[in-house]
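Welcome! Please take a moment to look over the sequence and the 3D structure shown below, and then we can walk through some of the features together.

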Amino acid sequence: IPQISYASTAPELSDPGRYEFFSRVVPPDSYQAQAMVAVVRALGWSYVSTLASEGNYGESGVEAFVQSSREAGGLCIAQSIKIPREPKPGEFAKVIGRLMETSTARGVVLFANEDDIRRVLEAATLANLSGHFSWVGSDSWGAKMAPVQGLEDAAHGAITILPKRASVPG
């Protein structure tokens with residue numbers, strides 16, 4: 001059955017052997033990861049942490065970022081943290097605590113869902129670390145307001161990636 005997706009960005013869907021009749025109108029996350037590496041390098045950062053929501057989107061995105069950063073060179077990953085699919089109370093405070101273990105890696109690359117992004121920013125605010133981290137977020141954050149509403153101080157200066165889009169008349 002032929003399928004055309006307007007939103008599926010998982011890189012494995014690019015495998016024609018497994019998904020012969022699948023096509024998409026957005027680029028896979030591997031392109032987004034390459035763009036994020038370019039942003040990090042343009043900012044002159046050489047030491048960053050990554051943060052991913054558990055699951056295909058987050059883990060594949062960070063994996064693509066790490067691979068692209070290896071190929072580009074000059075970028076060290078301080079640590080890669082995974083947010084559990086069903087986080088327990090206090091989990092996001094632990095995430096912020098882990099990021100602070102390598103506090104000189106102030107740049108954090110996020111491949112996370114909207115809820116996880118919001119809860120990370122809330123935890124940073126509660127830990128009185130608004131402004132400590134510089135975030136580079138994937139398209140799940142993109143141009144959305146929901147993850148940052150009321151948490152603007154923690155998100156200040158974030159750079160987010162979003163595939164080019166346009167309205168189709170009619």
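## Ser-14 and its loop

Ser-14 counts as partly exposed, because its relative accessibility is 43%. You can find Ser-14 in the loop that runs between β1 (3-5) and β2 (22-24). Ser-14 and Arg-24 are separated by 10 residues in sequence, and their C-alpha atoms are 9.0 Å apart in space. Please keep in mind that this is a predicted model.

## Two pairs of helices

Start with helix α1 (residues 29-42) and helix α2 (residues 56-72), which pack with their axes 8 Å apart and at an angle of about 50 degrees. An angle of that kind makes α1 oblique to α2. The crossing of these two helices, α1 and α2, is right-handed.

Now turn to helix α3 (residues 91-101) and α4, whose axes cross at roughly 70 degrees and come within 9 Å. The angle therefore makes α3 roughly perpendicular to α4. Here, too, there is a handedness to look for: α3 passes α4 in a right-handed crossing.

## Val-40, inside helix α1

Is Val-40 buried or exposed? Val-40, which belongs to helix α1, has a relative accessibility of 0% and so counts as buried. Val-40 and Ile-159 are 119 residues apart in sequence, yet from C-alpha to C-alpha they are 9.8 Å apart in space.

Most residues other than glycine have a negative phi. Asn-128 is not a glycine, but its phi is positive, at about 60 degrees. To locate Asn-128, look at the loop between α4 (114-126) and β6 (134-137). Asn-128 is exposed, since its relative accessible area of 70% is over the 50% cut-off.

## The largest pocket

Rolling a probe the size of a water molecule over the atoms shows where empty space is left. The largest pocket holds about 270 Å³ of space.

Which residues line the largest pocket? The lining brings together Tyr-6, Ala-7, Thr-9, Val-25 and Val-26 with Asp-139, Ser-140 and Lys-144, as well as Leu-162, Pro-163, Lys-164 and Arg-165. By type, the residues of this lining divide into 6 nonpolar, 4 charged and 2 polar.

Notes. Residues numbered from 1 in each chain as written. Predicted model: local features only at pLDDT ≥ 70, side-chain atom pairs only at ≥ 80, totals over all residues. Heavy atoms only, no water. 1 Å grid on protein atoms, 1.4 Å probe; cavity = no way out; pocket = protein on both sides within 12 Å on 5 of 7 lines; lining within 4 Å. Points joined across faces, edges and corners; volume = space filled by probe spheres on them. Nonpolar A, V, L, I, M, F, W, Y, C, P; charged D, E, K, R; others polar. Helix = DSSP H or I, 4+ residues; strand = E, 2+ residues; numbered from the N terminus. Buried < 20%, exposed > 50% of the residue type's maximum accessible area, 1.4 Å probe, protein only. Axes fitted to C-alpha atoms, helices over the stretch in contact; angles between N-to-C directions. Parallel < 35°, antiparallel > 145°, perpendicular 65-115°, else oblique. Left-handed = near helix turned anticlockwise from the far one by under 90°.
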